[in-house]
Amino acid sequence: MRGDDASLDRFPIPFAHDKDGGRYANTWGTLIVKTPDGKWVNWSIARVMKVDGKRMVGLIVPSQHIGQIWGEWVKLGQPMPYALVQGPAPAISCVSGIPIPAHADEADYIGTLAGAPVPVVRAIGIDLDVPATAEIVIEGHVSIERDCQEGPYGEYGGYLGEGSSAQPTFHVETITHRDDPIWPMSITGRPTDESHTLWAMGLAADALTSLREANLPITTAWIPEDSTVHWLLVVVPQNWRERLPGVSSEALSRRIGEVLFKTDAMVFIPKVYVVDDDFDPTNLREVVWVLSTRVHPVGRRVVFEDQRVIRLPQCYDEAEYIAGKGAKVVFDTLQEKRHLHASFDQGYPEAVRQRVLDNWE
């Protein structure tokens, strides 16, 4: 469909939440854009609200990759070509929602993992390649100004949105679709949905990579889905003091914060917990036990003032959102001497445990 025929009104786009500012045309589709010189193609997920049949308005955060690329087009004074792809292969949606390094193409990343190139076809009206597995492809150009109100929207933090902000307009010029196309959605809100499962995994992997590149002894990093991507657990091994002689747990926690809060991905996460590796960080029950028993009520934390703040995390006040600055914290929960757990695994002799297991039906 081209021209006037290319209308969003042809599709039954629903309200994701009753209090949203409009019908959201994108919550789980992939946005495809590239730099003016064509050297960087970015596939990402961002919320995009339908305005009318020919217009959408999307949330473009300057620090995110799509925001960086849009900024290059703005400098040239030219609208940015885009393709919004609904219903591609699941791996495409997954990788579009995680933070891989800037100037790396998601299609190359997926092809490397899969061991074969991602099948693509040329878009109809713009110079972009789109996944051949797509159910629907919307093509057009993005305005060079924040000229349309977007929101509110019920976000991943679990609260219905309030207010709106000026964002760029996505003009709809061409739509291609299969017969009886499938238009997937992710209804964000209280845990758990795809914005928690996928995003938490991707941000945790990004944090782990940054910490290991800084030569810090890290066992793993994990974001509990039920924290709505507001907590990050940084897990260190039992021998970390031997590997960092003379370094206190406070100094290690400070170094971890210095590394993490410089990364773009951590703009979304206000709280980091440095924890021992004597429990399963992916088990929420164990996480609650560890944090409730090891976080000191007033001390053993490193506060980082004037860090980057955007509106998506829910824990700041209005003045901090307006300033774009707020505090972030690293909690030092590391034990001076590890205590044995009063549990089946650690609270009984091995012979007793084995006898119980042998008789357990």
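**Notebook: salt bridges, pockets and backbone**

**Entry 1**

I began with Arg311, which is partly exposed at a relative accessible area of 48%; I take buried to mean under 20% relative accessible area, exposed to mean over 50%, and partly exposed to be in between, with a 1.4 Å probe and protein chains only. The model is predicted, so I noted that local features need pLDDT of at least 70 and side-chain atom pairs count only at pLDDT 80 or more, while totals for chains, interfaces and linings use all residues. Residues are numbered from 1 along each chain as its sequence is written, and side-chain values use heavy atoms, with hydrogens and water left out.

Which residue forms a salt bridge with Arg311? I found Glu318, with the closest N and O atoms 2.5 Å apart, where a salt bridge is a side-chain nitrogen of Lys or Arg within 4 Å of a carboxyl oxygen of Asp or Glu. Glu318 is also partly exposed, at 43% relative accessibility. I then noted a network in which salt bridges with shared partners join Lys34, Arg122, Asp127 and Asp129.

**Entry 2. Pairs across the chain**

Side chains of opposite charge can pair when their charged atoms come close. I read a total of 17 salt bridges in the structure, and one of them joins Arg338 to Asp276, with 3.3 Å between the closest N and O atoms. This pair links distant parts of the chain, 62 residues apart, with Arg338 in the loop between strand S17 (325-332) and helix H9 (350-358) and Asp276 in strand S15 (271-276). For these labels, helices (H or I, at least four residues) and strands (E, at least two) are DSSP runs numbered from the N terminus. Asp276 counts as buried because its relative accessible area is 2%, whereas Arg338 is partly exposed at 22%.

I also looked up the salt bridge between Asp332 and Arg300, in which the closest N and O atoms are 3.0 Å apart. Asp332 lies in strand S17 and Arg300 in the loop between helix H7 (284-294) and strand S16 (301-308), so the pair links distant parts of the chain, 32 residues apart. Asp332 is buried at 4%, and Arg300 is partly exposed at 36%.

**Entry 3. Two pockets**

Rolling a probe the size of a water molecule over the atoms shows where empty space is left. For a pocket I use a 1 Å grid over the protein atoms alone, on which a 1.4 Å probe fits, and the pocket is an open set of points with protein on both sides within 12 Å along at least five of seven lines; lining residues have an atom within 4 Å of a point. Grid points are joined across faces, edges and corners, and a volume is the space filled by probe spheres set on the points.

The largest pocket has a volume of about 1100 Å³. Its lining has 45 residues, and those nearest its centre are Gln64, Gly97, Ile98, Pro99 and Trp199. Strand S3 (41-44) and helices H1 (65-76), H3 (106-114) and H4 (194-213) each give two or more residues to this lining. Which element gives the most to the lining of the largest pocket? I found that H4 does, with twelve residues. By class, this lining divides into 23 nonpolar, 15 polar and seven charged residues, counting Ala, Val, Leu, Ile, Met, Phe, Trp, Tyr, Cys and Pro as nonpolar, Asp, Glu, Lys and Arg as charged, and the others, Gly among them, as polar.

The second largest pocket holds about 710 Å³ of space. Strand S11 (165-167) and helix H8 (318-323) give two or more residues to the lining.

**Entry 4. Asn42**

Is Asn42 buried or exposed? Asn42, which lies in strand S3, counts as buried at 2% relative accessibility. Leaving out residues up to four places away in sequence, Asn42 touches residues including Leu31, His65 and Glu106, where contact means heavy atoms within 4.5 Å.

**Entry 5. Backbone details**

A cis peptide bond joins Gly151 and Pro152, with omega about 0°, and I found another between Pro191 and Thr192, with omega about 10°. Asn215 has a positive phi of about 65° although it is not a glycine, and Asn215 is exposed at 67%. Thr228 also has a positive phi, near 50°, but Thr228 is buried at 8%.
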